[in-house]
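Hi there,

Here is the structure I promised to pass on to you. My notes on it follow below, for whenever you have a moment to look.

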Amino acid sequence: MAAAAAITPELLEGFLKRYHELPVSELWLVDVEEGQEKLDIIHALCQRMVEKAGVPMKVYKTLDRRAALQGADFVTTQLRVGQLKAREKDERIPLSHGYLGQETNGAGGLFKGLRTIPVIFDIVKDVQEICPDAWIINFTNPAGMVTEAVYRHTNFKRFIGVCNIPIGMKMFITDVLQLSPSDELNIDLFGLNHLVFVRDVLVNGVSRFDELLDGVASGRLTANSVKNIFDLPFSEGLIRSLRLIPCSYLLYYFKPKEMLAIEMGEYYKGGARAQVVQKVEKTAVRAV
């Protein structure tokens with residue numbers, strides 16, 4: 001769902017790399033009428049990717065969600081109700097009143113959640129009717145809020161909310177501990193989407209968490225694995241008292257004044273994150 005998003009080729013790349021583990025036979029790209037032009041571009045790119053990979057996968061495009069759901073085993077949702085112009089309002093309106101505007105946290109996240117959850121509920125109803133054994137994998141932000149709403153207010157339980165924070169933290173740990181591809185890395189991570197903590201790191205069965213914790217607490221290492229969040233260190237006292245490594249999104253809770261000051265500075269420069277994303281997306285689409 002919302003397949004005209006720039007993330008779709010990245011998602012397909014993951015399917016192609018793991019085709020021997022998850023042999024997808026059909027991929028249906030679905031979007032709304034407003035996304036038709038981008039859907040055509042993304043569909044053409046995806047077809048070229050599949051052809052180059054040489055796998056027997058068929059890629060379809062449609063504006064008819066119910067048609068795409070026929071016989072589906074998995075449904076991914078990565079939608080933005082109101083598109084990027086709505087995200088711009090999510091960020092700019094709170095900031096204009098001196099509050100955090102961010103699509104996963106604060107007032108901006110609440111705005112997006114209120115627009116998004118009813119649409120997700122409609123998709124859930126269609127899945128229950130057309131392909132009730134399918135799993136819905138939700139990438140849509142605010143991921144934690146959306147997933148909790150489905151579990152609390154529908155009877156559909158084949159719903160998983162995901163984000164890339166755990167993968168980002170895994171890449172960070174692999175890098176700072178200078179691990180090789182042959183090393184076995186296991187991470188004990190808990191929390192809600194975008195608000196997670198690491199509480200242990202095992203490399204080849206041996207904990208290296210104390211080493212990692214000391215590096216993050218002292219400021220020698222940064223746990224920021226997200227490029228769209230300003231890189232601020234967490235206070236040493238917080239890290240050592242919790243004995244946990246927080247993900248970078250938790251800066252909005254542990255350092256709200258500092259994060260607000262940074263975002264207000266960007267706001268007064270006219271540089272809301274949504275505006276940057278719109279420029280990047282236009283450039284990427286033209287390049288395709």
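Asparagine 141 counts as buried, because its relative accessibility is 14% and the cut-off for buried is under 20%. Please keep in mind that this is a predicted model. The residue sits in a loop, with β4 (135-138) on one side and α6 (143-153) on the other. Setting aside neighbours within four places in sequence, asparagine 141 is in contact with Glu103, Thr104, Lys112, Thr116 and His194. With glutamate 103 there is also a polar contact, side chain to side chain, at 3.2 Å.

Why look at this residue at all? An unreviewed UniProt entry carries the annotation "binding site", and it covers Arg87 and Asn141. The two are spread over 55 residues of sequence, yet they cluster in space, with a largest C-alpha distance of 10.8 Å. Arginine 87 belongs to helix α4 (residues 83-96). Is arginine 87 buried or exposed? With a relative accessibility of 6%, arginine 87 counts as buried.

Tryptophan 28 is in strand β1 (residues 26-30) and tyrosine 60 is in strand β2 (residues 58-62), so the pair ties together parts 32 residues apart in sequence. Tryptophan 28 is partly exposed, at 32% relative accessible area, and tyrosine 60 is partly exposed as well, at 28%.

Another pair is made by phenylalanine 197 and phenylalanine 254. Their ring centres are 6.5 Å apart and their planes are at 65°, so they count as edge-to-face. Here a strand meets a helix: phenylalanine 197 lies in β7 (residues 195-203) and phenylalanine 254 in α10 (residues 251-254), so the pair links parts that are 57 residues apart in sequence. Phenylalanine 197 is buried, with 13% relative accessibility, whereas phenylalanine 254 is partly exposed, at 35%.

Key: Residues are numbered from 1 along each chain as its sequence is written. This is a predicted model: local features need pLDDT of at least 70, side-chain atom pairs count only at pLDDT 80 or more; totals for chains, interfaces and linings use all residues. Side-chain values use heavy atoms; hydrogens and water are left out. UniProt positions are given in the numbering used here, feature names are shortened, and annotations may be inferred rather than shown by experiment. Helices (H or I, at least four residues) and strands (E, at least two) are DSSP runs, numbered from the N terminus. Buried means under 20% relative accessible area, exposed over 50%, partly exposed in between (1.4 Å probe, protein chains only). Contact means heavy atoms within 4.5 Å. A polar contact is a pair of N or O atoms within 3.5 Å; within protein, one must be able to donate a hydrogen and the other to accept it, and residues adjacent in sequence count only if both atoms are side-chain atoms. Rings of Phe, Tyr and Trp (its six-membered ring) pair if their centres lie within 6.5 Å; planes under 30 degrees apart count as stacked, over 60 as edge-to-face and the rest as tilted.
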